[in-house]
Amino acid sequence: MGRAVRRVVLGLVGAVWAFLWRVGLVATVMLAAATGYFYSQLPPVQAMLDGRATGSVTLLDRNGSVFAWRGEQYGGALLADDVSPHLIHAMTAAEDRRFWDHWGIDPRGIARAVWANLRAGRVVQGGSTLTQQVAKNVFLDAERSFERKLKEAPMALALELKYSKEEILSIYLNRVYLGAGTYGFEAAAQRYFGKSARAVTPAEAAMLAGLLRAPSRYAPTNDIGLAQGRASVIVRAMHEEGYLSEPQVFEALANPAGLSQAAEADIGDAFADWVMETAPAYLARRTTEDVVIATTFDRKAQAAAEAGVEAVYAAKVKPGSEAQTAVVVMAPDGAVRAMVGGRKTGAGRFNRATQALRQTGSAFKPVVYAAGLMAGLTPQSVVEDAPITIRGWSPKNYGGGFRGPVTLEAALASSINTVAVRVAQRAGTDRVRALAAEMGISTPLAPGPAVALGTSEATLIDMMGVYGTIRAEGRLVEPHGLRRLTLKGDSTPLLTHTPPPAGARPLPPDIARQLIHMMHGVIEGGTGRRARLAGRQAAGKTGTTQAARDAWFIGFTADYVIGVWMGNDDNAPLTGVTGGGLPAEIWHEVALRLHDGLPPRPLPMEAGPAPQVALSGPAAERDGGVGSIFRSVLGGLGGGEGRPSEAAVSGSSTGRAFTPGNDR
């Protein structure tokens, strides 16, 4: 019986052995064949270093310093022999301590990971080697599947056969994703620390290596505390492996890595997004090359804009308010220096300074008065502030009262609606709309008399062009942020900013100077008094739309053009806010910070010719033959060019009464 059992057992063992031997032989042959196949497909090392599908964009401020990055950043080819030894030590200590001893697959590492995961009851440790990670990053997708694992092994073996350990490390150093749009350790070191991976310290190397486990989570730009905590674990691992001495460990833990000034500042996201949108897509948003864009951005101006907004919100706005604010700061030549796209920062957010189309309200009136001045009126021309009805539409003034005869200058300072409508009729509403387009408003304006009160929509950046043109004494000013675009490493520009032609002048110089004089009165004694700057000339205009859904203040000094918009994203009315209130105060706070240390300079303005009789009439004007003749006669008395008045206007821009108030 014993011999029979022994024979059965030995037979079974022999059968199992024969089966396993044959299976093992077949598996070995298949593994060898797969390895040989992958080996034959592997390209030279240099062809493996940059595997990005798209290029990157690096944005420089006006002083040539980097302030923003977009796209997939790549710092250039980096070989293992070039980088700081601390980086190699941190990588291997964190990801593959037996990298120099195994042949692509580490059975001991796999067994250790399996045991650790069994003890923890969950996956806490991986068994993949750096070589397997290279295989996955370069040739396979990130999907966890049995098929991918089957491919990883022969691919890792092929890599070890084809390349040296240093070459495998070089591929890994360049191809791995490390958060914030960076691919490779050189790009990450530049992005986070403002230095090359060749010069990182042990603490910085540990932080970079810590990104390998979860790049987005441990990115120092996302959570510096979490990144430093992960780095401290790797510093200790480097010590355990003998890479760091006790004093070096103490130094690295006592002085953890921090972000560079540029990375920590994290400013200018709205501005950078706007530049990316305005640049040609094939050179910016969809570039396949590494591009460098030199911009007009000014860090100090951005800080001033942000601080001005926060100062007013902290003092005057109820905590938890959903009211949004956009700010644009521009040089007189149209170079945009700063941009606040809203109260929440971050790349890719909705930019209220450039994307939000909002009714402009009385902020549009300078265009109306410019058209009136060009039609023969002067700042001292007298216009009747009295009820007016055009095709059933009767604009009202803030508070409902009327002043009777007033000068254009006083009417603009007090933002009187009926006068603006009469001036628009005197100039011709078609001419007002055309002039607005010539001065920089790119959106279509609705026909009809209500255009005089800013019922149509525009963006803040377009309105900046309008006010910049006035500040430039009528010469067309186009807001711009791009100065020069080049390929990385090449000084020859592919694109440069081209200013408008010298002859592009929507307003005659004398008309612009008269308008500046009138807008100076808005700040000195009109609705914009809260924006007044002691000892410095400024000009501007308030704007408030129906039910206070939008509130504006846009103005300028000799040195800057500044625009402020406030409103709710859902178009709900603001509570107790007009253009002459919080927006004017924000404008004032931003302007104070911008002009700190700058000597006062006068604005180019003039009072204009002697007073003239302009537009007056009965208490209520209506369309009709007699009224048309009466107004034509009045237009002639005002020195006009016989442009059509109310009776010639076809239709209204709104089907209901629109009664935006005078700004307060």
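**Exercise 1. Describe the setting of Thr-131 in this predicted model: its element, its burial and its contacts.**

Step 1. Find the element. Thr-131 belongs to helix 4, which covers residues 130-139.

Step 2. Judge the burial. Buried means under 20% relative accessible area. Thr-131 has a relative accessibility of 0%, so the residue counts as buried.

Step 3. List the contacts, leaving out residues up to four places away in sequence. The residues touched by Thr-131 are then Phe-99, His-102, Gly-104, Ala-156, Leu-159, Glu-160 and Ile-168.

Step 4. Look for a polar contact. The side chains of Thr-131 and Glu-160 are joined by one of 2.7 Å.

**Exercise 2. Determine how many residues of helix 8 are buried, and which helices they pack against.**

Step 1. Go through helix 8, residues 202-210. The buried residues are Pro-202, Ala-203, Glu-204, Ala-205, Ala-206, Met-207, Leu-208, Ala-209 and Gly-210.

Step 2. Draw the conclusion. Nine of the nine residues are buried, so helix 8 is largely enclosed by the rest of the structure.

Step 3. Identify the packing partners. The buried residues of helix 8 pack against helix 2 (85-95), helix 7 (185-193), helix 9 (215-218), helix 10 (224-240) and helix 11 (246-254).

**Exercise 3. Classify the packing of helix 19 against helix 20 by angle and by residue class.**

Step 1. Take the geometry. Helix 19 (residues 460-471) and helix 20 (residues 509-525) have axes 8 Å apart, at an angle of about 110°.

Step 2. Apply the cut-off. Angles of 65 to 115 degrees count as roughly perpendicular. Helix 19 is therefore roughly perpendicular to helix 20.

Step 3. Name the residues that meet. Helix 19 contributes Tyr-467, Ile-470 and Arg-471, and helix 20 contributes Ala-512, Leu-515, Ile-516 and Met-519.

Step 4. Sort them by class. The contact has six nonpolar residues, one charged residue and no polar residues.

Note on methods
Residues numbered from 1 in each chain as written. Predicted model: local features only at pLDDT ≥ 70, side-chain atom pairs only at ≥ 80, totals over all residues. Heavy atoms only, no water. Helix = DSSP H or I, 4+ residues; strand = E, 2+ residues; numbered from the N terminus. Buried < 20%, exposed > 50% of the residue type's maximum accessible area, 1.4 Å probe, protein only. Polar contact = N/O pair within 3.5 Å; in protein donor to acceptor, adjacent residues only side chain to side chain. Contact = heavy atoms within 4.5 Å. Axes fitted to C-alpha atoms, helices over the stretch in contact; angles between N-to-C directions. Parallel < 35°, antiparallel > 145°, perpendicular 65-115°, else oblique. Nonpolar A, V, L, I, M, F, W, Y, C, P; charged D, E, K, R; others polar.
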